[in-house]
Amino acid sequence: GSNAKCLLFPDRPITQPSIDPLSHRITNNSHRITMFKVQSIALTAALFGLHARTAAAVGCYPRYGSGITTYGNGDMVSSSISETTPIVRGAPCITGSNCVGGYVTTGGVETTKTYNFKCSSDGFCPQSAFAPGGQYSSSAWIKDLAECSGSQPIPTATVPTAWSGSGCPLKFSGGSDYDEDDVVSVKKNAYSLVYQCNKSPASAWCSMANYEPGTSQYWEQAWTELGSCTGTMAPTDSPSNVVLSDVGGCPIEFEAAADYEEGDQVAKANLVYQCKSWPQSQHCSQAGYTPGEEVGGVEHWVHAWDVVGHCSGTIGPTSAPSFVSLDNLGGCPESWSSKSQTEPYEEGDKVESAGLVFACKAWPRSGYCSQDGYEPLSNPATPDAWKQAWQLVGYCSGSIGPTAAPSFDELATVGACPKEWVGGAITAYEPDDKVSVTVSLTPIRKVV
């Protein structure tokens, strides 16, 4: 290429080459030469004894630490990596420890060397997948060409201009609920940076851990850097609940194993939390979503619960439980029993359980009424499954009195019976046509 710097090396030893000062050509008396590109002028000088510059020993910066999230653009670290020397084949051979494949072979030795690296990506440097010397190191770090040894002072970081506020706001916490214009801080090596959540709709990303300001790959879509900060913001007055409603007595304390649904309220540390609507309500009963608690520094509970007020004491007990809000249906129907497919419960059928009366729901829910596991109030494994099939309609006491023996009300006799009714008859029925229907076989009875 036009910018390439080339050296000519013979395939066998030759005399010291001479350099033409006008053309800068390197000449020798060899008839067999090999051309290759040299990337470093310093290397060229070393090969030909041109001591234009002598490289001094380079000290090592502090070692890279996996898991440190404060690495940023320009930070210097050192890291040890394994390297294998090139394999070189020489003269033909027959035997010998270095005779491999019929040639004297050298190289292929693995060594460990330490190099300095400079961070070139705020987003990738804190991630262990981009560790210096690793598979994706070149996407985040620039490796020094020379080895380092010993140590050298950490370079003084250039602190960005301070932001307009005083002190540092609260540290960013992935998973917290951030709104537009909220400000957070992120710790760097020698200072902290302040970021502000962008306007809606971009603000929807501010609460996501993958958009952590200043470190993640796409953070600029959610946050704007405002400047550096030191110290902390001046504290406000003692915390109080003046912005929360006083809901009076506290509801039942939160229980990790309880089954919570949309709208359920619990108390924790004198604060009242309400389970959010579906689909967030699915998290209310899950481990890791305990109201007011962090897990790994992240407040996951904000995705499941809302703070609705503060409380004190307990909610006063009501009088003895009663059924004043339910209809008294009198005597109790039969208790629920598992029905066969030939005699299933149907829509409107009523059963009794614990003095309460339940009615089978309309189709298609009625299909559950006869199945095991849907018995009202009686399956501890799935305590609410019965609600899919039955509806509480009232309460009862005693039993429903038996009626008299079945009988047919006396009807007028019309003599001989007309033809039996036939569904789908070819001849359509017309007004005043008469048919008979069998209602009893023993004795045989028909009605007209």
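C60 and C148 are paired in a disulfide (two cysteine sulfur atoms within 2.5 Å), with their sulfurs 2.1 Å apart. The structure here is a predicted model, in which local features need pLDDT of at least 70 and side-chain atom pairs count only at pLDDT 80 or more, while totals for chains, interfaces and linings use all residues. Residues are numbered from 1 along each chain as its sequence is written, and side-chain values rest on heavy atoms, with hydrogens and water left out.

Back to that pair: the link of C60 and C148 is right-handed, with 100° about the S-S bond. C60 sits in the loop between α1 (41–48) and β5 (76–84), and C148 in the loop between β10 (141–147) and β11 (183–187), so to speak 88 residues apart. Helices (H or I, at least four residues) and strands (E, at least two) are DSSP runs, numbered from the N terminus. C60 is buried at 9% relative accessible area, and C148 is buried at 8%; buried means under 20%, exposed over 50% and partly exposed in between (1.4 Å probe, protein chains only).

Next comes C168, joined to C229 with an S to S distance of 2.0 Å. This link is right-handed too, at 110° about the S-S bond.

C360 and C369 form another disulfide, S to S 2.1 Å, right-handed with 100° about the S-S bond. C360 and C369 are both buried, whereas C417 counts as partly exposed, at 43% relative accessibility. The count of disulfides comes to nine.
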